[in-house]
Amino acid sequence: MKAQILKQVAPIDDMPLELVDMPTPQPKPGEILVKVSACGVCHTELDEIEGRLKPKLPVILGHEIVGRVEKPGAGANRFNTGDRVGIAWIHSACGKCNFCRGGEENLCPDFQGTGCQADGGYAQYTVVSEDFAYPIPERFTDSQAAPLLCAGAIGYRALKLTNLQDGQALGLFGFGASAHIVIQMAKYKYPNGRVFVFTRPGQKEHQALAEKLGADWIGATGETPPQKLNCAIDFTPAWGPIVAGLKALENGGRLVINAIRKEEKDKKSLLELDYSGHLWCEKEIKSVANITRQDAREFLPLAARIPIIPEVQEFKLQEANQALILLKKGKIQGAAVLKID
Ligand SMILES: [Zn+2]
Ligand SMILES: [Zn+2]
């Protein structure tokens, strides 16, 4: 099969992904071999390529995979050959630890990320345990479904972790791939609530999209919204929005941080944290890590019902480096997807 392989960490501008011919993997017992038709391109891949996250090396990246079952391994009977399936960031978890048994397999110490600790979808084929693949609703094309498997599923988990109730006020800090999906979910699930979107000053395109998707108020991070926030989600790589978010929270409110890492550079904003203004009165702060299978299983049909149809820009497998360079420069319209034949 053809695959894009990362052999060593390097700046994306050096185009470190190499297109190679390699043996097609074979499904072990309980696994399925999937012929990949689309794989989303995510910022996490830039972190892996440039060394901010540590994947196994060499690795085939990609954790937003849509394809068809080519061959079930021994004992795998959940899907038929030809069924369309999705594979998300959770490639496996141990199934035995307290987290796994308590429905928090996203926190398992043996959590394996697709395209990180296990090979992913920047290839014509991939293998995964049948228990970690999901049916894809008819509503979506392969390319449309791909971005839902990362930005959508994690956004779903973040929204769930806020404990938002209908009628309450939700604040979204940063308005990229995940937030633009979350606002659609929030408006659908909590029709009597209000959603306030905070962006960097001058992010006109993000603000226009937020308005189109029904934001009740749009402002710059640090501005005072029309009412206190019962819940907030921070989607940014910065620290400032955490401080601004805590300040804008209502008593007893919760801020969920949906970011795999935070940049070091503006960490000094945290010095503005003040106990009485930002934390007192039972304000909570919580991060969201990975996803569970249940998140993916609940989110995909919900996305089809709403419906949430992502805008995608397609690239060929050969163009993976170029797609990632454009992603880094912020030049992708919607979500980038590798279309693989
Ligand atoms: Zn991702
Ligand atoms: Zn476990």
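Colleague: What span should helix α4 (residues 177-189) have, and how far apart are its end C-alpha atoms?
Modeller: The rule takes 1.5 Å times one less than the number of residues. With 13 residues, α4 should therefore span 18 Å, and its end C-alpha atoms are 19 Å apart, which agrees. Helices here are DSSP runs of H or I with at least four residues, strands are runs of E with at least two, and both are numbered from the N terminus.

Colleague: Before we go on, what am I looking at?
Modeller: It's a predicted model, where local features need pLDDT of at least 70, side-chain atom pairs count only at pLDDT 80 or more, and totals for chains, interfaces and linings use all residues. Residues are numbered from 1 along each chain as its sequence is written, chains are lettered from A and ligands numbered from 1 in the order written, and side-chain values use heavy atoms, leaving out hydrogens and water.

Colleague: Which residues of α4 are buried, and what do they pack against?
Modeller: Among them are His 180, Ile 183 and Met 185. The buried residues pack against several elements, including α3 (142-162), β10 (169-173) and α8 (293-305), where contact means heavy atoms within 4.5 Å.

Colleague: Why does Cys 94 count as partly exposed, and why does Cys 97 count as buried?
Modeller: Buried means under 20% relative accessible area, exposed over 50%, and partly exposed in between (1.4 Å probe, protein chains only). Cys 94 has 27%, so it's partly exposed; Cys 97 has 18%, so it's buried.

Colleague: Which protein donors does the zinc ion (ligand 2) have, and what makes its site tetrahedral?
Modeller: Its donors are the SG atoms of Cys 94, Cys 97, Cys 100 and Cys 108, at 2.3 to 2.4 Å. A donor is an N, O or S atom within 2.8 Å of the metal (3.2 Å for Na, K and Ca); water isn't among the atoms, so sites may look incomplete. Four donors count as tetrahedral if all angles lie between 85 and 135 degrees, and here the angles are 106 to 116°.

Key. Four donors count as tetrahedral if all angles lie between 85 and 135 degrees; four count as square planar and six as octahedral if opposite donors are over 155 degrees apart and all others between 65 and 115; anything else is irregular.
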